[in-house]
Structures are given as structure tokens and as C-alpha cells.
Amino acid sequence: MFGHPLPKKLTILDFGNGTTLYSRYNRGQREVHTAYPIGVEVLIDDISQKMKHLNGGKIGDASKIRFCLEMEHTKYSRDIDIKYVYSTCLKD
């Protein structure tokens, strides 16, 4: 977004592997910056547990889930799409 004006109020979530950073800006000034000790690794574990009903009762493979997220899609396999599970877990 280089060269685009920023909105007056802006919230940024930075999802890391082990942490999530929450920053809130008002007119370019940071008002809040908080690190939470929950990151993508927790999200992946949650997805792997909650996708059992899609995967024949077995937990999902964390490396396959991470690959999906890194490739910006939700196709765990040819027959399994984890989009709904991902959306649910991300909200949690």
C-alpha cells in the first residue's frame, strides 16, 4: 500500500508462529500494541483436531495444513477442503 493514504483509524493483526501482535493506530499515532502468546502454531493444531470429521476420524497433518495456509488456499487434499474449519478456528 505504498503511496496510499492511511485511514484515520487502523488496526493491524500480525500472526506469527508463536505470537499474535495487535496494534491500533489513531491518526498515525499508535494507541495500543499488545503481544498475545498464541500464534499460527496454535491455529494449525486447532484445525488439525477439528477436521477429524472430514478426515475419516483422524487428526489432520500439521505440515499439510501449514502448506495450505502458506499457499493461501484451503484444499487439504483432492477431496478435503478445510475452509469452514479454518474460518471457525480463526475466529476462536
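**Close-up views of a predicted model**

D46, K50 and D92 are linked in a network of salt bridges. This is a predicted model, in which local features need pLDDT of at least 70 and side-chain atom pairs count only at pLDDT 80 or more, while totals for chains, interfaces and linings use all residues. Residues are numbered from 1 along each chain as its sequence is written, and side-chain values use heavy atoms, with hydrogens and water left out.

**View 1. K50 meets D46 in a salt bridge.** A salt bridge here is a side-chain nitrogen of Lys or Arg within 4 Å of a carboxyl oxygen of Asp or Glu. For K50 and D46, the N to O distance is 3.3 Å. Why are these two about one helical turn apart? Because they are four residues apart in helix α1 (residues 40–50). Helices (H or I, at least four residues) and strands (E, at least two) are DSSP runs, numbered from the N terminus. K50 is partly exposed, at 37% relative accessibility, and D46 is partly exposed too, at 21%. On this scale, buried means under 20% relative accessible area, exposed means over 50%, and partly exposed is in between (1.4 Å probe, protein chains only).

**View 2. K50 also forms a salt bridge with D92.** This time the closest N and O atoms are 3.2 Å apart. D92 counts as exposed, with 66% relative accessibility. How many salt bridges does a search of the whole structure find? The search comes up with two. As a general point, side chains of opposite charge can pair when their charged atoms come close.

**View 3. The charged end of K64 sits over the ring of Y76.** The distance from that charged end to the ring centre is 4.4 Å. To count, NZ of Lys or CZ of Arg has to be within 6 Å of the ring centre and within 35 degrees of the ring normal. What about rings pairing with rings? The count of aromatic pairs comes to zero. The rule asks for rings of Phe, Tyr and Trp (its six-membered ring) with centres within 6.5 Å; planes under 30 degrees apart would be stacked, over 60 edge-to-face, and the rest tilted.

**View 4. L13, F15 and L90 form a nonpolar patch on the surface.** Together they have about 290 Å² of accessible area. Areas come from the Shrake-Rupley method with a 1.4 Å probe, and for residues only the protein chains shown count as cover. Patch members have over 30% relative accessible area and no salt bridge; nonpolar side chains (Val, Leu, Ile, Met, Phe, Trp, Tyr) are joined within 5 Å, and like charges within 9 Å. L90 belongs to helix α3 (residues 83–91) and is partly exposed, at 39% relative accessible area.

**View 5. A polar atom of the T20 side chain lies 2.6 Å from the backbone oxygen of I38.** A polar contact is a pair of N or O atoms within 3.5 Å; within protein, one must be able to donate a hydrogen and the other to accept it, and residues adjacent in sequence count only if both atoms are side-chain atoms. Is T20 buried or exposed? T20 is buried, at 11% relative accessibility. Its place is in strand β2 (residues 20–26). Y25 lies in strand β2 as well, but Y25 is partly exposed, with a relative accessible area of 23%. The C-alpha atoms of Y25 and K8 are 7.9 Å apart, and the two residues are 17 apart along the chain.

**View 6. R27 has a positive phi, near 55°, and is not a glycine.** Most residues other than glycine have a negative phi. R27 is found in the loop between β2 and β3 (29–36), where R27 is exposed, with a relative accessible area of 63%. E72 also has a positive phi, about 60°, and is not a glycine either. The loop between α2 (62–70) and α3 holds E72, which is exposed at 73%.

**View 7. G56 is found in the loop between α1 and α2.** G56 is exposed, with 72% relative accessibility. G56 and T11 are 45 residues apart along the chain, with 39 Å between their C-alpha atoms. K58 is in the loop between α1 and α2 too, and is exposed at 55%. K58 and K83 are 25 residues apart in sequence and 17 Å apart in space, C-alpha to C-alpha.
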